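My entries follow in the order I made them.

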Amino acid sequence: MLLPIALGSCKKDDNPYKNAKYDFSAVDQFVDENLGVYQNKVAILVSQNGQIIYHKEVNMGLNTPLPIASASKWLSGAVIMALADEQKLSLNDTVGKFLPDFSKYKKGHITIRQLFSHTSGFAGDGDGSDTTDKYEYRNDLTLARAVDSIAAYTPLVATPGAIFSYGSASMQVAGRIAEVVSGKPWGQLFNEKIAQPCQMRAEYFLRAQNPLIAGGVRTTARDYLNFLEMIAAGGSYGGRQVLSRSALSDMLKDQTNGATIVGTPYPNNPFSPYNNKDLRYGVGNWLDVVDPAGNVLESSSPGLLGAHPWQDSKNQVAGIVFTRTAPRISQATSLKIRQMIRDIMASTGK
């Protein structure tokens, strides 16, 4: 079980992460002026090339564990990509290849790529078209039984690949496929493929038999940053290659293939320098700063409860705003913090 180690604020004179490379005093002031959106509790940690460049704690420690809701999707996507590295599955594989019940109910043609990019054809969590039971949230089912129920009872509302509708059912199906191809339960897979090599303390803390693949993780700011540093470092952490560069490239690439966006909690990033509209999605993460040539410069995986992790491949930056706040209320503030950090780094030129 994750246990909190520290709670509170570090004073500037005893801050172990004190940074002389960039002047982030404007970010400090902005955070102080906007603490209300974080309910006066936030921890922010940013690194470049594995070295901490910005750190702030207000009534929350870097080692305070919290549920991170949809910030879990990035971690879960990494498990899928680790299995792709091992050639146990491919993003182009169909569900029916591993779960025959889906073919029985005429859903076997959905691909793993579609499952993890919200283009499977299942209804999203908030688009108003899903009237069935949310089997992925059931604590009386195993993951296997929940997915069997999705196969039998959760309807497709669109042709797979046609629409983007942000939801959780499809990722639950992908999690079950991961169990089938590996012969291991999801929690063990996550620990072996991602948590342990990234030296993370993290757990799918609810519904042990039916872990919520799309949103069930509890972890800390410090631990999640390890995962982000792995991404920023090209898939390696602590001298170990966690994901291949090919797998990482797929993770950070648009996987929606032009699908019409009908349900999304994150329509755009108003602080992208490229005025990106209709944000696209990779494997478990939003591609929210994309240059005119289509290069993904930053991606993120914000959660409903306020956790906001991101990576900046242009500057080799990993960062997380960690909090527990009202649904989505802090998103614009966290995006502004990202912009300020990006602009300060650009103006400093270091």
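Entry 1, a strand residue. I looked up Ser-300 and found it in strand E12 (residues 296-300); helices (H or I, at least four residues) and strands (E, at least two) are DSSP runs, numbered from the N terminus. The model is predicted, with local features needing pLDDT of at least 70 and side-chain atom pairs counting only at pLDDT 80 or more, while totals for chains, interfaces and linings use all residues. Residues are numbered from 1 along each chain as its sequence is written, and side-chain values use heavy atoms, with hydrogens and water left out.

I then checked its side chain. Ser-300 and Asp-288 are joined through their side chains by a polar contact of 2.8 Å. I take a polar contact as a pair of N or O atoms within 3.5 Å; within protein, one must be able to donate a hydrogen and the other to accept it, and residues adjacent in sequence count only if both atoms are side-chain atoms. Leaving aside neighbours within four places in sequence, I noted contacts (heavy atoms within 4.5 Å) of Ser-300 with residues including Trp-74, Tyr-266, Trp-286, His-308 and Arg-338.

Entry 2, the sheet. I traced an open sheet of 7 strands, in the order E2-E1-E14-E13-E12-E11-E10, with antiparallel pairing; two strands pair if DSSP finds at least two bridges between them. Its edge strands are E2 and E10 (280-281), each pairing on one side only. E12 and E11 (residues 286-290) pair in the antiparallel sense over 4 bridges, and Leu-287 stands opposite Ser-299 in E12.

I found H2 (residues 72-85) lying across E10, E12 and E13 (308-312), at about 55 degrees to E13. H11 lies across E1, E2, E11, E12, E13 and E14 (317-323), running at about 25 degrees to E13. Axes are lines fitted to C-alpha atoms, for helices over the stretch in contact, and angles run from 0 to 180 degrees between N-to-C directions.

In H1 (residues 25-33) I listed Val-27, Asp-28, Phe-30 and Val-31 as buried. Down the axis of H1 these buried residues fall within an arc of 165 degrees, so they line one face of the helix; the arc is that of the directions from the helix axis to the C-beta atoms. Their cover includes E1 (42-48), E2 (51-58) and H11 (331-348).

Key. Buried means under 20% relative accessible area, exposed over 50%, partly exposed in between (1.4 Å probe, protein chains only).
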